[in-house]
Amino acid sequence: MGVFETVVMSYIIYMAIALYGITRGYHRYFSHREFTTSTVQETLMLYCGLLCGVRSPLTWAGVHRMHHTYSDTKLDPHSPILMSKWRVFFSVYKVPTIPRKFIKDLLRNPRVMFFHKHGKIIWLSHFAITYLVFGTIGIWVNLMIIFFSYIGYGVLNTFGHDSQGPVNRFWISLIAPFEGNHQDHHNNSEDNK
């Protein structure tokens with residue numbers, strides 16, 4: 001398999017995993033509690049989110065809830081208006097502490113806490129199994145998925161806001177699945193009502 005085919009295959013796999021794990025899981029389910037689901041679905045969403053190289057679901061949801069509560073203010077953990085766009089784009093911003101009020105429900109979820117505590121071991125195990133089954137190509141696909149994830153959600157956090165606040169940009173959905181409706185999402189979020 002050539003480089004082009006590997007990149008295309010990685011992108012397709014990334015879009016499926018990110019849609020299920022990040023958009024549906026970490027974002028809509030764990031951060032905003034937009035629907036209910038089974039324990040099996042929760043676990044699969046947590047696993048897929050982790051495969052994208054994303055931080056702990058506890059941290060991800062807590063930071064996202066802070067972002068909604070404090071959007072584009074000094075307390076927003078990743079406002080591209082108030083901090084370097086490069087820090088936001090590459091997700092190198094620091095959140096020293098997440099107030100308990102943003103994660104208290106997640107602290108009671110044993111699956112979230114399991115993935116929070118053991119995420120690195122699960123992730124490394126996945127890499128090892130992928131290598132044993134698919135060889136070097138499996139590692140490259142995993143690395144490309146992580147690359148697409150960081151770029152995709154960096155693009156969302158950077159270009160999903162302008163000087164006026166959250167904006168809709170359809171093209172963001174091409175790299176952060178179904179997340180281009182950022183202004184609509186902020187306006188309709190229960191956190192803002």
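**Tyr150 and what lies around it**

Mentor: Start with Tyr150. Set aside the neighbours within four places in sequence, and Tyr150 is in contact with Cys52, Gly53, Phe89, Phe90 and Ser91. Keep in mind that this is a predicted model. Tyr150 belongs to helix H7. Is Tyr150 buried or exposed, or in between? Its relative accessibility is 31%, so Tyr150 counts as partly exposed. Now look along the chain. Val167 is 17 residues away from Tyr150 in sequence, and their C-alpha atoms are separated by 20 Å.

Arg55 sits in the loop between helix H2 (39-51) and H3. With 35% relative accessibility, Arg55 counts as partly exposed. Phe115 is 60 residues from Arg55 along the chain, yet the C-alpha atoms of the two are 9.8 Å apart.

Go back to H7, which spans residues 136-159. What does H7 cross? Its axis comes within 6 Å of the axis of H6, and the two cross at roughly 140°. H6 and H7 are therefore oblique to each other. On the H6 side, the contact is made by Trp123, His126, Phe127, Thr130, Tyr131 and Phe134. On the H7 side, the residues are Thr136, Ile137, Gly138, Ile139, Asn142, Leu143 and Ile146. Why give both an angle and a distance? Two packed helices are described by the angle between their axes and the distance between the axes.

Tyr131 and Phe134 belong to a nonpolar surface patch, together with Ile129, Leu132 and Val133. Find Ile129 in H6, which runs over residues 110-134. Ile129 counts as exposed, because its relative accessibility is 52%.

For a contrast, turn to Ser10. Ser10 is part of helix H1 (residues 3-31). Its relative accessible area is 0%, so Ser10 is buried. Which residues does Ser10 touch, leaving out those up to four places away in sequence? They are Trp140, Val141, Met144, Ile145 and Phe148. Check these numbers against the span of H7, residues 136-159.

Stay with H1 and move along to Arg28. Arg28 forms a salt bridge with Glu179, and the closest N and O atoms are 3.3 Å apart. Arg28 lies in helix H1, while Glu179 lies in the loop between strand S2 (165-166) and helix H8 (182-188), so the pair ties together parts 151 residues apart in sequence. Arg28 and Glu179 are both buried. For Arg28, the relative accessible area is 14%. Arg28 has another partner, Glu34, with 3.9 Å between the closest N and O atoms. Glu34 is partly exposed, with a relative accessible area of 47%.

A search of the whole structure finds five salt bridges. One of them joins Arg65 and Asp105, with the closest N and O atoms 2.7 Å apart. Arg65 lies in helix H3 (residues 57-69) and Asp105 in helix H5 (residues 104-107), so this pair ties together parts 40 residues apart in sequence. Arg65 is buried, at 6% relative accessible area. Asp105 counts as partly exposed, at 24%. As for Arg28, Glu34 and Glu179, salt bridges with shared partners join them into one network.

Last, look at two backbone details. Phe178 is in the loop between S2 and H8. Phe178 is not a glycine, but its phi is positive, about 60°. Phe178 counts as exposed, with 58% relative accessibility. Asp72 also has a positive phi without being a glycine, and the value is about 55°. Its place is the loop between H3 and helix H4 (85-89). Asp72 counts as buried, at 18% relative accessibility.

Notes:
Residues are numbered from 1 along each chain as its sequence is written. This is a predicted model: local features need pLDDT of at least 70, side-chain atom pairs count only at pLDDT 80 or more; totals for chains, interfaces and linings use all residues. Side-chain values use heavy atoms; hydrogens and water are left out. Patches are made of residues with over 30% relative accessible area and no salt bridge: like charges are joined within 9 Å, nonpolar side chains (Val, Leu, Ile, Met, Phe, Trp, Tyr) within 5 Å. Accessible areas come from the Shrake-Rupley method with a 1.4 Å probe; for residues, only the protein chains shown count as cover. A salt bridge is a side-chain nitrogen of Lys or Arg within 4 Å of a carboxyl oxygen of Asp or Glu. Helices (H or I, at least four residues) and strands (E, at least two) are DSSP runs, numbered from the N terminus. Buried means under 20% relative accessible area, exposed over 50%, partly exposed in between (1.4 Å probe, protein chains only). Axes are lines fitted to C-alpha atoms, for helices over the stretch in contact, and angles run from 0 to 180 degrees between N-to-C directions. Angles under 35 degrees count as roughly parallel, over 145 as roughly antiparallel, 65 to 115 as roughly perpendicular and the rest as oblique. Contact means heavy atoms within 4.5 Å.
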